[in-house]
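Here are a few notes to read alongside the structure.

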Amino acid sequence: MAYSDKVIDHYANPRNVGSFSKDEPDVGTGIVGAPECGDVMKLQLKISDDGVVQDARFKTFGCGSAIASSSYVTELVKGKTVDEVMKIRNTHIVQELSLPPVKIHCSVLAEDGIKAAIADWKKKREPAKTENETARAS
Amino acid sequence: MNGKGIYMDNHATTPIDPRVLEAMLPYFGDVFGNAASRSHPFGWEAEKAAETGREQIARLINAKSKEIIFTSGATESDNLAIKGVVEFYKDKGNHVVTATTEHKAVLDTCKALERKGLATVTYLPVDEYGMVDPDDVRKAITERTVLVSIMYANNEIGTINPIGEIGKVTRERGVLFHTDATQGVGKLPLDVEAMHIDLLSMTAHKIYGPKGIGALYVRSKNPRVRLTPIIDGGGHERGFRSGTLNVPGIVGFGKACELCRDGMADEAQRVLALRERLHDALFSQLDEIYLNGHPVRRLPGNLNVSFAYVEGESLLMGLNGSTSPIAVGQTVMPIAVSSGSACTSATLEPSYVLKALGVGDELAHTSIRFGLGRFNTKEEVDYVAERVIHEVRRLRDLSPLYEMAKEGIDLKSVAWQRE
């Protein structure tokens, strides 16, 4: 199988590799996929209080297209608002990286990964909000 | 090493030996006759060349030359052996015994017969090393069994089956024994008499010969094996396989067999030493890597390893030269190996062979098959080891699973989000 130049570039020079501490309140972590399926992506977003993605990190176990898909989305989300990130579709990744049909699941996983990260960030903020509200009420 | 890189995928195919090519060349030129033309010297010369090839092939497996039937390759040989026996002996029975780790050429042929209602098939399990137990074969044989088909050496993991013992069982029970010996021929000793083999598939391109020519050994007596042909026509090859003989291919196949026979012991020793060198380099420098297949009873040139936490196709991509992840300015040689990863197949299922051994899917996805052969060198092995170690370390730095494992998280306890 021949890879597109962009897949090769992201595979050889992956952007934003690494990890944030999961415990940071402004970090949302999404881990998607399963080892026995051959793909696991960990995507982490650092999001400001006003809901803008400040920074992103990833680690991926998977084929070159999975690595490229996750590397590319970490670039894509930076500076975007949470609402904008939620609108990212896998088809955009497919187009950007020229993924063949057999690799579309890699782009789906990357989309799921950033959404899971945002869900995690939102969940982290919920108890804080509840605490404030509780404080106000008392 | 050549301009295209390092070839270590010798189970897929092998480069043609220059001595084989040299032997073939005249048969693309002046000597063009049809081996079946009995009435003129053009035909006689072609026939003589084909018969010499047949003898060279027969000698390698201790058969008689008339017992060699030419085909287009091992897939056709497997089809002819299995379909041919099931069809011819249908009054005797319709049961076939084979194993789960066989090549697709055997498995899919069996499945096609089942689908058509022409045979019932028992697929024997294998042990953790991929070996078939002759006792299981004995137990699986029934009154209705017409054929046992068990491969000699496995194409993915290199495990060598005890076919001599299996042959003893089938002979005792009066059942025909076919072996797909594609990977073992020319590399391991083979004797159809001593091993009680009745049918044997082989192909030239795995032994430094040309593609498109293979053979099926069909025992001519004690017992005489009968087959219903798949390809009908002019009655060539004792009626088992019609079609004008591929004379240049046969000449090359014959020469390839002769070279294997003359150099087998030396070559096996040399290739085994290279394999062990590669094994030792990888296992001494990388943690959490696992050998797939039997530690000793395996093809000299086969090394199949799971590199935990590194997906196989991503490792192939780093090795095959799609990228230059090593320091800028350094020449990166493409390395040709293959993977049991799902991502290299259209089905997205990891290797069914590794699955049959009980290797978990998560490790099957990380497996790489190295196939060493006649033309590999010590320098190539050292270079490949260095590159593999470098790539595995790089990809583990990228792997969330490696990170989690190092943090002491039991990956089996994680609630994964499955697709």
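At what angle do helix α2 (residues 41-60) of chain B and α7(B) pack, and how far apart are their axes?

1. The model is predicted. In it, α2(B) and α7(B) pack at an angle of about 30°, and their axes are 8 Å apart. The crossing of α2(B) past α7(B) is left-handed.

2. Next, the residues behind that packing. On the α2(B) side they include A46(B), A49(B), A50(B) and G53(B), and among those they meet as a group on α7(B) are V247(B), I250(B), V251(B) and G254(B).

3. Helix α11 of chain B covers residues 378-397, which is 20 residues. From its first C-alpha to its last it reaches 29 Å, close to the 28 Å expected at 1.5 Å a residue.

4. Which residues of α11(B) are buried? They are E380(B), V381(B), V384(B), A385(B), R387(B), V388(B), E391(B), V392(B), L395(B) and R396(B). The cover over these buried residues includes α7 (247-285), β10 (302-307), α8 and α12 of chain B, along with the strands β1 (6-7) and β11 (335-336).

5. Where the chains meet, 28 residues of chain B are in contact with 26 residues of chain A. On the chain B side, the elements giving two or more residues are α8 (312-319), α10 (361-364) and α12 (400-406). That side divides into 12 nonpolar, 9 polar and 7 charged residues.

How values were computed:
Residues numbered from 1 in each chain as written. Chains lettered and ligands numbered in written order. Predicted model: local features only at pLDDT ≥ 70, side-chain atom pairs only at ≥ 80, totals over all residues. Contact = placed C-beta atoms within 7 Å. Helix = DSSP H or I, 4+ residues; strand = E, 2+ residues; numbered from the N terminus. Nonpolar A, V, L, I, M, F, W, Y, C, P; charged D, E, K, R; others polar. Expected span 1.5 Å × (residues − 1). Buried ≥ 20, exposed ≤ 12 C-beta atoms within 10 Å, placed from the backbone. Axes fitted to C-alpha atoms, helices over the stretch in contact; angles between N-to-C directions. Left-handed = near helix turned anticlockwise from the far one by under 90°.
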